[in-house]
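Please walk me through this protein model. I would like to know where some of its residues sit and what they touch.

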Amino acid sequence: MMAHQAGQTARPHGGTATTVPQPVPRPARATASAPRRVPVLTTKVGLQMPAKMAYDEWERAGRQLADVLDSSSWWLGDWMVYGKDHYTDRYQRGIRAAGLSYQTLRNYAWVSRRFDLTRRRPALSFQHHAELASMQVADQELWLDRAEQGQWTTKQLRGALRAARQGEQRPAAAAEPSRRLEVPGSRLEWWHQAARELGVDFEQWVTAALDSAAATALEASGAPAERGEAAGLKGVQGVQDVTALAGQRTLPVAISA
């Protein structure tokens, strides 16, 4: 080959000069210190993982899987919202065809509606947002900021919310001891669902509804009625449903969230 032959050039005063051939560069070979990375493959029924995997690679794969799992909650929620908005009469058929849980999708869709794309924090999980979904927008932003800046886990956020609620509770007067109201599970879940649909705190919603029912009953009987916290939710759709139930005698006699 030409790369291995000596070229000859004429000298000005006669004779020839030999040109030293230049070696052709060869591609660098992989060294033992930089092994080829073998990918982790996902299948419908599991993971195909290499026989030997460095810890860093295994940890990175776990983080990527967690990201996919968290993102899929948003994806499914947005998918559900789109179907419900565009195919009102057929979206449930699509859910059945996909083999998905309707109740799970309803929860995902509720959180997705409460946080549009511009307000979702990539640094926080879907569950972080779900913990705050029933709050007003200003409160959501406040707690999202705190969780993001403090790098809180979902458990830490839940604990901070619980501590804040306990600090806001007023001590009960001695003349008004607290009581428990035992409610059948199916009815309690129905009330929870109604509160979620309205985007309000469950306990606040139930208290306001019962206050409203009590005020209505007392006014109808001519007795003086002092309105409680019901004014805070006056006119909210769904309060009338609980008001009607409160007047029934089928309720056993604290509502546990």
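Glu131 has its place in helix α4. Helices here are DSSP runs of H or I with at least four residues, and they are numbered from the N terminus. The model is predicted, so local features need pLDDT of at least 70, side-chain atom pairs count only at pLDDT 80 or more, and totals for chains, interfaces and linings use all residues. Residues are numbered from 1 along each chain as its sequence is written, and side-chain values use heavy atoms, with hydrogens and water left out.

Is Glu131 buried or exposed? Glu131 is buried, because its relative accessible area is 18%. Buried means under 20% relative accessible area, exposed means over 50%, and partly exposed lies in between (1.4 Å probe, protein chains only). Now look at what Glu131 touches. Leaving aside neighbours within four places in sequence, Glu131 is in contact with Thr154, Leu157, Arg158 and Leu161. Contact means heavy atoms within 4.5 Å. With one of these residues, Arg158, the side chain of Glu131 makes a side-chain polar contact of 2.8 Å. A polar contact is a pair of N or O atoms within 3.5 Å; within protein, one must be able to donate a hydrogen and the other to accept it, and residues adjacent in sequence count only if both atoms are side-chain atoms. Val111 is 20 residues from Glu131 in sequence, and their C-alpha atoms are 9.2 Å apart in space.

Val111 leads us to helix α3. In α3, Val111 is buried, and so are Leu105, Arg106, Ala109, Trp110 and Ser112. How far apart are the end C-alpha atoms of α3? They are 18 Å apart. The expected span is 1.5 Å times one less than the number of residues.

Tyr102 belongs to this helix, which covers residues 102-114. Tyr102 counts as partly exposed because its relative accessibility is 29%. Beyond its neighbours within four places in sequence, Tyr102 is in contact with Met80, Tyr91, Gln92 and Ile95. The side chains of Tyr102 and Tyr91 make a polar contact at 3.4 Å. Gln92 is 10 residues from Tyr102 along the chain, and their C-alpha atoms are separated by 7.9 Å.

Next comes the loop between α3 and α4, where α4 covers residues 126-132. Arg121 is found in this loop. Arg121 counts as buried because its relative accessibility is 14%. Its contacts, leaving aside neighbours within four places in sequence, are His129, Glu141, Leu144, Asp145 and Glu148. The side chain of Arg121 makes a polar contact with the side chain of Glu148 at 2.6 Å.

Now turn to the charged pairs. How many salt bridges does a search of the whole structure find? The search finds 10. A salt bridge is a side-chain nitrogen of Lys or Arg within 4 Å of a carboxyl oxygen of Asp or Glu.

One of them joins the side chains of Arg120 and Asp78, at 2.8 Å from N to O. This pair links distant parts of the chain: Arg120 is in the loop between α3 and α4, Asp78 is in helix α1, and they are 42 residues apart. Arg120 counts as buried because its relative accessibility is 14%. Asp78 counts as partly exposed because its value is 29%.

Another salt bridge pairs Arg119 with Glu141, the closest N and O atoms being 2.8 Å apart. This pair also links distant parts of the chain: Arg119 lies in the loop between α3 and α4, Glu141 lies in helix α5 (residues 137-150), and they are 22 residues apart. Arg119 is buried, because its relative accessibility is 14%. Glu141 is partly exposed, because its relative accessibility is 23%. Salt bridges that share partners join Arg119, Arg121, Glu141, Asp145 and Glu148 into one network.

Asp89 and Arg90 form a salt bridge too, with the closest N and O atoms 4.0 Å apart. Asp89 is exposed, because its relative accessible area is 68%. Arg90 counts as partly exposed because its relative accessibility is 41%.

Key
Helices (H or I, at least four residues) and strands (E, at least two) are DSSP runs, numbered from the N terminus.
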